[in-house]
Amino acid sequence: MAPPSQLPHVGLVGVWPPPWGGISVHIKRLHDRLRGRGYPVSVFDNAGGDRPLPTDIDIRALTPDRRLSARVTEAALAAGVDLLNLHVFGAEWKMLLPFSMVQEATGIPLVVTMHSMRVPASALPRLERQLFSVAARRIDRFFCAGEHVRTSLLEIGVAPERVQTIVPFLQPSADELDDGQLPAEVEAFLRSVTRRYLETATPREAERHLKLLRRTEGRVPHALLLEILTDQAFGTLIRSH
């Protein structure tokens with residue numbers, strides 16, 4: 001690994017939890033891993049609203065309006081960012097238009113993580129499809145949370161070498177495995193969901209997860225629930241990569 005002074009400064013653009021969801025959790029865990037490996041990281045939170053944000057990291061709350069890309073540009077230049085990573089889902093593809101121009105204006109490489117694409121790009125109205133294509137072909141690289149996202153980007157002309165399929169699930173850090181930070185009602189909900197899962201699981205699946213439960217002394221951290229749900233709903237997708 002390069003010395004800390006030579007590592008690129010990464011800027012993450014997206015929602016920081018709360019709210020807790022797939023993209024926000026992914027961004028938090030990605031941030032923690034980058035910092036853990038010595039990378040300087042800035043987070044440009046675009047969730048909006050008045051909510052507390054951590055004070056022990058470099059995070060800036062930006063209003064999610066039409067000037068978001070300009071605000072991110074100003075903040076990224078002020079922070080000395082070397083690489084921007086924008087996190088979006090399919091319905092937010094229009095954000096690529098101004099952000100692709102930001103890349104051209106500042107010279108800061110832009111990597112876009114597409115977390116979903118429920119409506120294929122090829123199914124968009126003609127004008128929207130053309131705009132999407134123009135913007136997407138300006139992006140340095142795409143990380144796609146699923147082969148269907150990659151296929152959509154290839155269909156609108158993005159070069160295959162700039163599109164990479166990833167599994168967006170990142171293992172939780174040690175502090176996330178601490179059940180003590182969860183409210184009692186959340187713990188009760190997790191236990192009830194797990195019981196319902198085990199009642200419908202195959203004997204082999206039940207045996208595996210009961211072993212995990214015993215390791216946590218009968219208490220179910222939310223990371224374990226996520227693993228259970230991931231195995232059940234997305235196991236085929238994960239194994240295919």
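Biologist: At what angle do α2 and α3 pack, and how far apart are their axes?
Modeller: The helices α2 and α3 pack at about 35°, and their axes are 9 Å apart. Axes here are lines fitted to C-alpha atoms, for helices over the stretch in contact, and angles run from 0 to 180 degrees between N-to-C directions. This is a predicted model, in which local features need pLDDT of at least 70 and side-chain atom pairs count only at pLDDT 80 or more, while totals for chains, interfaces and linings use all residues. Residues are numbered from 1 along each chain as its sequence is written, and side-chain values use heavy atoms, with hydrogens and water left out.

Biologist: What makes the crossing of α2 and α3 right-handed or left-handed?
Modeller: A crossing is left-handed if the near helix is turned anticlockwise from the far one by less than a right angle, and right-handed if clockwise. The crossing of α2 with α3 is right-handed.

Biologist: Which residues make the contact between α2 and α3?
Modeller: Contact means heavy atoms within 4.5 Å. On α2 the residues are Leu68, Ser69, Val72, Thr73 and Leu77, and on α3 they are Pro98, Phe99, Val102 and Thr106. By class, six are nonpolar, three polar and none charged. Nonpolar covers Ala, Val, Leu, Ile, Met, Phe, Trp, Tyr, Cys and Pro, charged covers Asp, Glu, Lys and Arg, and the others, Gly among them, are polar.

Biologist: What makes α3 a helix, and which of its residues are buried?
Modeller: Helices (H or I, at least four residues) and strands (E, at least two) are DSSP runs, numbered from the N terminus. Helix α3 takes in residues 96-106, with Leu96, Phe99, Ser100, Val102 and Gln103 buried. Buried means under 20% relative accessible area, exposed over 50%, and partly exposed in between (1.4 Å probe, protein chains only).

Biologist: Why are the buried residues of α3 said to line one face?
Modeller: Seen down the axis of α3, they fall within an arc of 150°, so they line one face of the helix. The arc is that of the directions from the helix axis to the C-beta atoms. The face turned away from the buried side carries the exposed residues Glu104 and Ala105. Among the elements packed against the buried residues of α3 are β1, β4, β5 and α4. Just after α3, Gly107 has a positive phi of about 80°.

Biologist: Which residues of α5 are buried, and what arc do they fall within?
Modeller: In α5, Val149, Ser152 and Leu153 are buried. Their arc is 95°, so they too line one face of their helix. They pack against β5, α4, β6 and β7.

Biologist: Why is Ser152 called buried?
Modeller: Ser152 lies in helix α5 (residues 147-155). Its relative accessibility is 3%, which is under the cut-off, so Ser152 counts as buried. Not counting residues up to four places away in sequence, Ser152 touches Met117, Pro120 and Ala121.

Biologist: How do you know that β1 and β4 pair?
Modeller: Two strands pair if DSSP finds at least two bridges between them. For β1 and β4 there are four bridges, in the parallel sense, so the two strands count as paired. The bridge partner of Val13 in β4 is Leu86, and Leu12 stands opposite Asn85. On β5, Val111 stands opposite Asn85, and β4 and β5 pair in the parallel sense over five bridges.

Biologist: What is the order of the strands in the sheet, and which stand at the edges?
Modeller: The open sheet has seven strands in the order β3-β2-β1-β4-β5-β6-β7, with parallel pairing. At the edges stand β3 (59-61) and β7 (163-165), each with a single partner strand, so one side of each has no neighbour in the sheet. The twist averages 20° from one strand to the next.

Biologist: What makes β4 largely enclosed?
Modeller: Five of the six residues of β4 are buried, so the rest of the structure largely encloses this strand.
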